[in-house]
Amino acid sequence: MSSNAVAVEELGQTECLRVTPRFRWHPTAVFGLVVFGIIVGASLFASQLSAYDPTHQDILHRMKWPTLQHPFGTDALGRDVLSRIFYGGRQALLISFVSVVISASAGTVLGALASRRAGSLLDEILMRTIDLFLSFPSIIIALMIVGLLKPGFWSLVLALTITGWTPYARLARAVGLEICSQTYVEAATATGESEFLIMRKHILPNTLGPILAQVFLRFGHTLLIIAGLSYLGIGIQPPTPDWGSMLADAQPYMQRLPTLILFPGLVIFITTLSVTLTGQGLMLMFDPQQRRTW
Amino acid sequence: MISKPKSTNPSLLEIKNLKTYFYSREGVVKAVDGVDFHVKVGEIFGLVGESGCGKSVTSLSILRLVNRPGKVVGGTIQFQGRDLLALSDAEMKQVRGDRISMIFQQSLPSLDPVYPVGDQIVEALLVHNKMNKRQAWDRAVELLNLVGISDPARRARCYPFEFSGGMAQRVMIAIALSCEPDLLIADEPTTALDVTIQAQILELMLELRARLGMAIILITHDLGVVAETADWVAVMYAGRVVEESSVGTLFEEPLHPYTRGLISSIPVLEQDRERLSIIPGVVCDGIDMPAGCKFAPRCQTRVEHSLAICSRREPDLIETSPGHKVRCWLYEDANQPAAVSQTLSGAPA
C-alpha cells in the first residue's frame, strides 16, 4: 500500500502501479495436492503402512467384509485388500508419470517445430502421422505393442508413450501457430535472434500453459488406461498388486462382495480427480492475470 | 526541427531499384516496385504514404524479414558499404538488432507476455554482446532510465501486461537501442498511441537521435508527425517513391498531385470547412496496376490539365530543383514548377 502511495505522488512520472497480486495458493490446487500427496505417500510407504504381505494368501479368511483386522476386507484368495491398495498404486503411478513426461516433452517439441515450419514437408509428415495414430483407438495400439513385447514396466511405458504423444503435438502446434504470428516473435527475429533461441525462449515457454493443463489431464487418463490394460490382463502382471487387476479379479464376486470392486474403484477415481484438480489450480496460480479473479 | 548540412553527411543506407513482390494465387502483387532512396548518417528520414502503399514492406525488406509468399526480387540495399541482400543468413543475423533495429506499430504485442520486460532487454543485449547476466541487467535498467521510465529498477521486473501502450513503446525503443544501432527503423511507432503519448515518444526519439547519433527511418501515414520530426521525406504511392525532398520544401512547395492531396486533407483549425478535402478512390491493388502513372486514376490535376500521357506511360523520378525529386508528367518538361503550382494551390471549392 505504501509503495503505491509513493508512485501516485510522482505526478508526471506516469502510469503503472504494480498490479500483480502476490503469489498465493489456490484452494483447489491445495486440496488436489494434499489428496494426491496422501496417495503417493501411501504408495511410497506401503511396506510400513501395510499390516499384511499383499501377496500372502489366507484361504481360511477369504471373502470377508471389512473388519477391524482387515479394514477393507479380504479378497477371493484371502489377501488383505487394504495392503493391496497401498501397494497397488506403485507401478501404475510410476508408469503413468514416466510415460506422461516422455510423451509430453517429445510431443511438445515436435508440435512446436511443426508450427514454426507450418506447411513444410516436416509439418505435413508429422501431422499425417498423428492422423494415422488417432485413427486407431489407443487401447488397440497399446494392446498390440504390449502383445508383441512381453508385458512389463518398459513395454507399458512404450505403449503409453506411443499412443500418448499425439495430443501434445497437436496442441503445441495449434498454440505455436498462434504464437508464431505474434509481433514479439517478429520482433525477436528483428533483433537478430537465432531460430533455436526463438524456439526455446519464446515459442516453447508460451505453449507451456496449455501443455501443462493437458499433462495433468492426461496423467489421470493414463492411470485409467493402465487400469484398463491390467483389467484386460496385459497390464501389470500378478502377483504384483495393482488397482486395475484388483478390479478384474473382483468381477466374478461383484454381487457377493461389492467392497472388492468399490475400494480399488474409489482409489482410482480419487487419484485421477486429485491430479486433475491440482492441474486446474496450478494453472490459475501461475497465470498472473488470473490471480485477481479468485 | 534540427536541420543538418545534408551534403556533408555520408550516406548510411542506399536503396536502389528495390523490388519486393508477393506471389499470391490471384497473381503477383508488386508491393514495392523500384524504390530508390538513401538515408544519411544521423538523419531522420520520413517515409509517408497511405495504407498499402508499400512503406512497411520496404522496411521489412531492408531487414530481410519479408516472409513467404513475399520475396525481394531485385535491387540493392547498400548499408555501410555492404549489400544487405547479398549477405548470408548468419551475417544478416549479425546486422539485425545490432546495426539496424526496428520498432513496430503494436508495442504491447511486441513484448513476450511470459517474461518481465527487463529480461527481454537482457535477451536482446546478450544476442549481440559478450557480457554476463548481471552486467546485462544493469544495462537494461540503465536503458529503461534512458527512455524515460521512472523507477526503472522496479519496473524492469514488471510483466508487459502491467504496462500501458506508451510505456511498452518506450521499452521497445530501449530494446531497439540496446546495441546502439546506426539505423533505427520505426514502423508507425506512434499510430497506436494517443496524442499526448505520441508527442512524448516522438520527443524521446528526437532526443535519443541527438544523443546517440543514429539515423531513423520513420514510417508513418501522419504528415503531422513527419513535419515535427523528419529531416528528409519520401512520399510513396503504390510501391513507388513519387516525391522526395527535405521536409521544409515538401510542405512549402509540394509538387506531386498526390502529395498536395495529402497535405490539403490535413484539417486546419482556422479554416471553416464543412468537409475535409479527400483524395477520391483507394490505392490500386497491386495486381492490376494501371499502365501509366499509378496515381492517374485518382488524379484530378491530370483531368484539369487534360494530360493524355498519364494513363499511357509512367513518368520517371526527375529532379526539379536540387534535392527535390518528383515522379509526375507535369514537371517532365518544365523545370520551373511555379507556374503550375500556382494554378494548383488551394483546396478545391
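For chain A as a whole, the mean pLDDT is 83, and 89% of its residues reach 70 or more.

This is a predicted model, in which local features need pLDDT of at least 70, side-chain atom pairs count only at pLDDT 80 or more, and totals for chains, interfaces and linings use all residues. Residues are numbered from 1 along each chain as its sequence is written, while chains are lettered from A and ligands numbered from 1 in the order in which they are written.

Next, select the contact between the chains, which takes 24 residues from chain A and 29 residues from chain B. On the side of chain A that touches chain B, α8(A) gives the most, with 6 residues; helices are DSSP runs of H or I with at least four residues, strands runs of E with at least two, numbered from the N terminus.

Now move to chain B and select β1 (residues 11-23) and β2 (residues 28-40), which pair in the antiparallel sense over 10 bridges, pairing requiring at least two DSSP bridges between two strands. B:Phe22 has B:Val29 in β2(B) as its bridge partner, and in the turn of this hairpin B:Gly27 has a positive phi of about 150°.

How values were computed
Contact = placed C-beta atoms within 7 Å. pLDDT = per-residue confidence, 0-100.
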